Amino acid sequence: MPELSGIGVSPGRAAGPVLRLAPPPSLPPPPAVVDAEAERAAVRAAVAAVAAELTRRADAAAEAAVAEVLRAQVLMATDEMLADAADAAIEAGAAAPHALAAALAEHRAAFEAAGGYLAERVADLDDLRDRLVAACLGLPMPGIPSPGHPFILVARDLAPADTAGLDPAVVLGLVTAEGGPTSHTAILARMLGIPAVVRCVGAAGIADLTVVSVDGASGAVTVGLSPEEAAAVNAEAVARRDRQSASSGPGRTADGHPVALLANIGSARDLTGEVEGVGLFRTELLYLDRADPPSEQEQVAAYAAVFAALPGKKVVVRTLDAGADKPLPFLRMADEPNPALGVRGLRIARRSPEVLSTQLAAVATAAAANTADVWVMAPMVATAAEAAEFAAACRAHGLPSAGVMIEVPAAALRAQAILRDVDFLSLGTNDLSQYTFAADRMAGDLAELLDPWQPALIALIAACAAAGLEAGKPVGVCGESAADPDFALVLTGLGISSLSMAPRSIPAVRESLAAHTLQECRQIAKAALAADTPQAARSVVRRVSA
């Protein structure tokens with residue numbers, strides 16, 4: 001049977017017939033516009049209809065992160081700048097659907113030029129364009145098929161509105177021709193527990209209803225299975241899920257070595273089921289898309305909701321991770337030629353120190369009113385001096401556990417010096433990959449450089465873990481790589497003490513660790529470090545761990 005390969009981004013296996021997304025609408029030939037006001041009314045009606053549908057999906061979304069992405073799309077749709085651009089196109093003689101397409105093309109070009117977080121939203125804009133055009137033309141919205149039976153979804157890429165409505169009992173697996181390990185498709189697939197492969201060359205050539213299997217760990221897509229072979233793959237997957245759902249308790253290796261398995265969350269809504277604690281509490285959801293910063297009281301309430309849900313458990317709060325690449329209007333920051341390398345994360349405190357001091361005060365107040373074990377870390381730290389200054393600020397606010405994220409290679413190389421002043425490190429492998437390989441996280445053609453199995457990234461992780469062991473201080477990983485059950489063995493063998501991931505990913509990682517001793521994990525890590533390519537690292541680890 002032919003086998004295609006891509007990048008596995010959501011572990012697990014599934015098999016079934018292939019179906020594709022409903023195609024986007026095609027613009028008809030431009031008509032002659034005789035009533036500009038009627039075209040403006042059509043634009044307003046389309047915007048209202050699409051915004052209402054996206055809001056409905058956001059309200060129904062089980063995952064807070066999914067809802068947040070959809071609400072961001074609503075803000076894009078209702079942005080006055082979009083309406084103004086569409087009005088200008090109508091004045092120039094365009095009909096409503098053509099005016100909306102032209103306006104969104106302007107936004108798309110601006111987002112691509114900005115890079116970073118905005119470049120990541122280009123797919124969202126494309127989806128918004130297709131929905132608005134369909135609404136104008138009275139056509140069905142593009143989206144997930146409903147054949148009445150389970151299937152494997154194949155697409156060029158998926159928009160947030162598509163992934164938000166996925167039912168894992170119906171959509172057994174995902175295969176996309178584009179995207180990358182940190183794309184919305186990858187992140188949401190992991191949150192939903194759907195096996196997924198992105199950047200799969202040849203995916204577009206798979207005919208509808210062809211039976212395929214998807215391996216979301218290895219990235220393999222096997223084409224042309226028999227019904228019996230597909231049933232065997234799915235039976236094995238169900239048995240594994242049953243074993244995982246029956247497992248509980250803290251993460252540990254077969255010989256009892258503890259590895260904390262923590263959750264990545266954006267708010268208290270993301271806390272589903274029992275977890276050991278939180279390894280990454282993303283606080284920027286409070287700040288995004290606001291004209292004014294959240295008040296200290298508003299922040300206290302949001303943080304206290306998480307702390308109260310986890311009495312006595314560890315909660316690692318990441319201070320505001322935003323900046324020029326995640327625009328915050330109230331910061332009034334100047335445009336930057338390369339936002340991904342500009343003022344973001346902890347660097348915001350250079351220009352607006354009150355934003356950090358208010359946040360630390362709010363975290364301290366919420367922590368004092370609860371029994372959660374609150375740790376605080378700063379993103380985008382590059383030097384030991386920055387780390388020391390942040391740690392001093394935390395302690396001045398009465399927060400005793402201060403750490404930093406390692407996302408910049410300079411910080412990884414100086415991990416020993418940084419650990420003199422901070423209490424812990426947490427590796428954000430998504431950004432660490434981006435900066436190590438000079439590869440934008442949303443540059444699809446460079447997706448293989450963002451593979452966490454890249455030997456250079458593993459070497460940087462190893463250096464940080466060794467520095468932590470020498471200093472007697474914990475080093476965790478909160479990037480998406482922690483959710484890979486095989487890579488978790490590598491991380492444990494390197495000396496990483498905690499792994500933080502989407503809550504749905506924890507059972508598979510727990511099962512993987514429980515099947516191997518610490519010495520076996522060390523052998524696996526040694527084999528991965530010695531490999532020359534990501535493919536070699538994966539294969540040697542699977543061979544050693546089998």
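I sorted the lining of the second largest cavity by class and got nine nonpolar, eight polar and four charged residues. Here Ala, Val, Leu, Ile, Met, Phe, Trp, Tyr, Cys and Pro count as nonpolar, Asp, Glu, Lys and Arg as charged, and the others, Gly among them, as polar.

I noted that this is a predicted model, where local features need pLDDT of at least 70, side-chain atom pairs count only at pLDDT 80 or more, and totals for chains, interfaces and linings use all residues. Residues are numbered from 1 along each chain as its sequence is written, and side-chain values use heavy atoms, with hydrogens and water left out.

I looked up the terms. On a 1 Å grid over the protein atoms alone, a cavity is a set of points where a 1.4 Å probe fits but cannot get out, while a pocket is an open set with protein on both sides within 12 Å along at least five of seven lines; lining residues have an atom within 4 Å of a point. Points are joined across faces, edges and corners, and a volume is the space filled by probe spheres set on them.

I found five cavities of 30 Å³ or more.

I then turned to the largest pocket, with a volume of about 1,200 Å³. Of its 42 lining residues, Pro11, Gly12, Arg13, Arg240 and Gln244 are closest to the centre. I counted 19 nonpolar, eleven polar and twelve charged residues in this lining.
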